[in-house]
Amino acid sequence: MTPTNLFATVPKRSERAASAPFLPMSRAEMEQLGWDQCDVILVTGDAYIDHPSFGMALVGRLLEAQGYRVGIISQPDWHSVDPFRALGKPRLYFGITAGNMDSMVNRYTADKKPRSDDAYTPNGEPNKRPDRAVSVYAQRAREAYPGTPIIIGSIEASLRRIAHYDYWSDKVRKSVLTESKADLLIFGNAERALVDMTKRLDAGESIKDIKDLRGTAFMVPLGWMPSEEWGVHNSTRVDIPGRIDPHPDPYAMAKEDKKECASENAAPEPEVKPIRIMTREERQAMAKEKHNRTVVRLPSYDVVKDDPVMYAHASRVFHLESNPGNARALVQQHGDRDVWMNPPPLPLAMDEMDNVYDLNYARAPHPSYGDANIPAWEMIRFSVNIMRGCFGGCTFCSITEHEGRIIQSRSEPSILREIEHIRDKTKGFTGIISDLGGPTANMYRLTCKSKEIEETCRRLSCVYPSICVNLNTNHNPLTKLYRKARAIPGVKKILIQSGLRYDLAVRSPEYVKELVTHHVGGLLKIAPEHTETNVLSKMMKPGIGAYEEFRAMFEKYSIEAGKKQYLIPYFIAAHPGTTDEDMLNLALWLKKNNFRLDQVQTFMPTPMAMASAMYHSRRNPLHKVTEDSEVVETPRNQKQRTAHKAFLRYYDPKNWPILRDALRRMGRGDLIGTGERHLIPPYVQGEENFKVSQGKRAMPMLAPGAGKRGGQGLPLPGRGGKPNALTGSMTARATVETKSRPSILDTIKVKKAAPAPAKQGGRPAAGAKAGPAPRGRK
């Protein structure tokens with residue numbers, strides 16, 4: 001539990017060999033550097049951007065600092081083997097990654113439709129990577145140079161290391177190790193395992209003998225064990241009652257028949273041993289040693305692919321073994337072989353994080369891309385990553401499975417140096433830092449109060465169902481960082497755009513005031529995800545009351561700062577556990593609070609997430625899974641998923657036919673009408689020609705003639721600054737607020753609606769100008 005420092009054997013920067021301006025992507029660049037061969041070649045599905053926010057750059061610069069020559073093959077044409085030979089044969093191994101995203105998530109929407117662009121490709125061009133890129137790239141690299149070790153990693157490999165549900169093929173697939181034929185898989189934070197493995201390969205050790213690194217997975221013969229001292233904890237079936245045997249008659253004179261009374265689960269006769277008296281410390285050390293030499297056997301692939309209950313059970317066991325402090329090794333049978341997974345990697349210390357982010361990055365796309373626009377780069381070029389990991393444990397999110405629950409933070413000096421570097425060397429900097437954050441905006445330096453408790457904890461979340469009493473929620477270090485960062489000369493403003501964990505933020509009013517006063521650019525993104533307790537419990541998210549508490553603080557400090565600022569809430573449609581009534585309640589809450597969401601998302605099951613296990617199995621792995629455990633109602637058919645998404649955009653005329661059908665089916669036709677209490681209007685002639693803004697902000701749109709007496713059009717539901725008087729039976733609260741609340745739409749200037757066109761043969765209204773009906777701007 002006390003690993004060697006990642007940079008312990010690395011000489012100081014002044015004593016190292018000169019770094020390459022960019023890691024080479026061609027033989028010509030290798031020749032300019034005087035290289036005849038690369039030690040390691042990294043293959044990635046993303047464009048090569050030499051910045052620590054991109055995995056291939058971080059890994060490449062880390063290995064370069066250790067003294068290795070690293071080349072990069074970016075977005076190769078997988079239809080041929082030739083691009084994989086562009087840099088020659090690597091001396092040590094190929095490192096394969098799909099990129100910063102799972103390739104299936106990158107290429108397809110939640111409706112399984114191909115995306116029209118790719119944010120990690122020059123000019124956003126799509127189709128520059130294959131489906132399941134890790135497996136395809138690994139097979140091509142093996143074909144290019146047989147016998148060269150193949151190491152796979154990144155989020156795609158990490159989340160597919162065991163048998164997993166694949167949403168796009170709608171079936172349980174085998175571990176990516178079996179499909180890619182890779183020699184080793186590195187999951188989670190790869191720095192420690194990668195450096196140790198590279199050094200051992202460089203020393204002449206065979207890749208087949210490297211089986212003791214934390215954070216790695218590999219294929220072994222069925223039943224393989226590291227040594228005879230290891231034991232197996234069998235978790236290949238759910239808890240079921242054993243056979244119930246009749247109690248023996250104490251007055252019977254017959255001799256007890258042990259064979260007949262023995263149950264199938266009974267343990268064999270214990271071996272008689274002399275009693276040894278041990279101290280408490282000795283007993284704890286022995287128990288810990290036994291724990292560390294125990295592997296948990298998961299249900300096999302052949303079982304989980306056909307049995308959803310066993311799949312949910314395997315998912316629960318897997319997630320319970322995720323704390324590096326107490327996780328045991330896992331093993332899962334795939335045919336006649338086993339997939340063996342060592343415990344997760346130990347988190348990096350603060351000085352190690354600093355060294356990783358302080359490496360000599362060019363902080364720019366590779367020059368071969370010229371002036372091409374790479375959307376992902378434009379998004380993060382002026383932002384700074386201050387931490388990694390998340391202890392929220394949201395079931396629909398894969399951050400925890402990949403980066404872990406323990407927060408790994410950088411120091412203040414390291415973060416401030418990067419801001420100065422952006423100011424001095426990043427082209428186009430105008431004085432605005434777009435973000436100081438990470439997976440979450442406000443978990444910086446939040447840790448367990450006790451290292452001993454942290455190493456023994458098996459909670460799936462530190463903040464659900466309530467914030468753990470052992471969690472340090474002090475936001476003072478983050479507040480101080482904000483103040484020092486904006487005091488840097490040349491920095492005009494620092495915005496916070498990472499998702500905010502508002503249930504933590506309300507614990508520190510000083511932080512909320514600092515954030516609202518200085519670091520909000522008018523709009524702040526926040527993710528309550530839903531309003532209904534039934535759904536939030538499946539997400540492991542706090543109740544809507546925590547959102548209301550934060551909203552009150554946000555509005556209070558915005559008024560004190562003399563600023564008009566608004567919250568932009570994010571919600572998920574069709575999450576496991578969501579019923580039609582739940583989505584209707586959410587839509588009524590949105591209308592009541594005058595929210596019109598433009599960008600909404602439908603739940604997408606990603607590999608290994610607990611919500612994906614709910615989606616596939618209809619069981620809840622947050623609790624013990626049995627044959628008769630809770631059934632999770634899950635929207636699966638496309639019609640229901642479309643209706644749930646339509647509820648989030650109830651104001652869009654394109655969704656009105658879908659919602660009318662859904663409301664009548666639910667027996668809630670009373671919500672169809674033109675009054676304030678109604679959700680959507682009845683059919684309006686010409687409504688199919690209505691248009692709604694497709695930009696980042698929702699725009700208030702009127703039907704032709706809306707608001708005019710005698711006009712044929714109807715106003716969109718919920719228009720106006722005052723809350724709507726909704727029916728109390730279906731709202732999230734028992735009463736309706738009477739206090740008017742500003743709408744985000746008040747900040748957007750919209751052209752006045754043109755008067756209704758005169759009927760054929762009639763005269764236009766006095767003062768009316770001819771022209772088309774008004775449209776909302778993006």
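1. The crossing of helices α17 and α19 is left-handed, meaning that the near helix is turned anticlockwise from the far one by less than a right angle (clockwise would be right-handed). Helix α17 covers residues 476–486, and its axis lies 9 Å from that of α19 at an angle of about 25°. The two helices are therefore roughly parallel, the term for angles under 35 degrees. Axes are lines fitted to C-alpha atoms over the stretch in contact, with angles from 0 to 180 degrees between N-to-C directions.

2. This is a predicted model, in which local features need pLDDT of at least 70 and side-chain atom pairs pLDDT 80 or more, while totals for chains, interfaces and linings use all residues. Residues are numbered from 1 along each chain, and side-chain values use heavy atoms, without hydrogens and water.

3. Helix α19 (residues 509–518) also meets helix α21 (residues 544–560): their axes come within 9 Å and cross at roughly 55°. The pair is therefore oblique, and the crossing is right-handed. Contact (heavy atoms within 4.5 Å) joins Pro 509, Val 512, Lys 513 and Val 516 of α19 to residues of α21 including Phe 550, Met 553 and Tyr 557.

4. In helix α24 (residues 638–648), the buried residues include Ala 643, Phe 647 and Leu 648; buried means under 20% relative accessible area with a 1.4 Å probe, protein chains only. Among the elements covering the buried residues of α24 are β20 (566–573), α22 (580–592) and α25 (656–665). At the start of α24, a side-chain oxygen of Asn 637 comes to within 3.2 Å of the backbone nitrogen of Lys 639.

Notes. Buried < 20%, exposed > 50% of the residue type's maximum accessible area, 1.4 Å probe, protein only. Helix = DSSP H or I, 4+ residues; strand = E, 2+ residues; numbered from the N terminus. Polar contact = N/O pair within 3.5 Å; in protein donor to acceptor, adjacent residues only side chain to side chain. Parallel < 35°, antiparallel > 145°, perpendicular 65-115°, else oblique.
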